[in-house]
Amino acid sequence: MSPVLAKALRILGRLAYVGALAGVFLLAAYLSFNAFVRSGATAAPDLAGLPRQTAIDLLADHGLSARVLEESARFDGAIAAGHVVEQQPRARTLVKRGSTVQLVLSLGPQKTQVPSLRGQSLQSAQVALANSGLALGRTLRVYEPTLEPGTVVEQAPATGEVVPPGATVDALLSLGGSAERYIMPDLVYRDYETVRRFFENRKFRLGSVKFETYEGARDGAILRQFPLAGHPLTRREAISLVVATPPAAATEEDL
């Protein structure tokens, strides 16, 4: 072997040796750095559904801190109010110890306040409920002299109560004032003008009044009435009468 070739082989051998040492050094450095990084990392725990303080304590056990995003809280029908509904980073994500996990809390199921319906007509009450995401439930009617017929007297649930969206609200509707009832007197053969003044002065309604010729009856005597004597009577009901007039006097031509 020539001296030049031998020298070249020695140089290549030294270079290979140096390269191997460098590779080992780099591999050891990488493994050491990776172990160092991993020793300072942890998997984010699953916090979904946990109460606020429990989630904060669990993060602290993993060397992490919590930041509650109060402005991002949202309604959730499945998770109770004050419990975690979302976290960032997500569960089981590797994070450095000492880093922060952001938490979004649930406001619980969405609720609606019942609007006031008292004094509103049935149609207006239905519109007010629909605007609040609610519906009209059962309706009953009672006499209520202070409210017009058909307007809401009471409601259940009451004004301001908090209910789930879509809930129904029952309403009690007014029939107006309860009508006072009287017993219809017997008016037959009584004087019409006297009877008329009696009922009008007491705010009763007089309906149709017909005059008929009736032999033997005095002028202005009441012959028939409706309602009949003994029947119930209210001030809203009309009283109809038939009144007698004397027959026309005979003339010479008739004779």
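A quick term first: buried means under 20% relative accessible area, exposed means over 50%, and partly exposed is in between (1.4 Å probe, protein chains only). You're looking at a predicted model, where local features need pLDDT of at least 70, side-chain atom pairs count only at pLDDT 80 or more, and totals for chains, interfaces and linings use all residues. Residues are numbered from 1 along each chain as its sequence is written, and side-chain values use heavy atoms, leaving out hydrogens and water.

**Stop one: Glu 148.** Select Glu 148, which is exposed with a relative accessible area of 59%. Glu 148 belongs to the loop between strand S7 (135–142) and strand S8 (152–156); helices (H or I, at least four residues) and strands (E, at least two) are DSSP runs, numbered from the N terminus.

Two strands pair if DSSP finds at least two bridges between them. S7 and S10 (residues 168–174) run parallel, joined by 6 bridges. Where does Ala 135 find its bridge partner in S10? Pick Thr 168.

**Last stop: Val 188.** Jump to the loop between strand S11 (182–183) and helix H4 (192–201), where Val 188 sits. Val 188 is partly exposed, at 31% relative accessible area.
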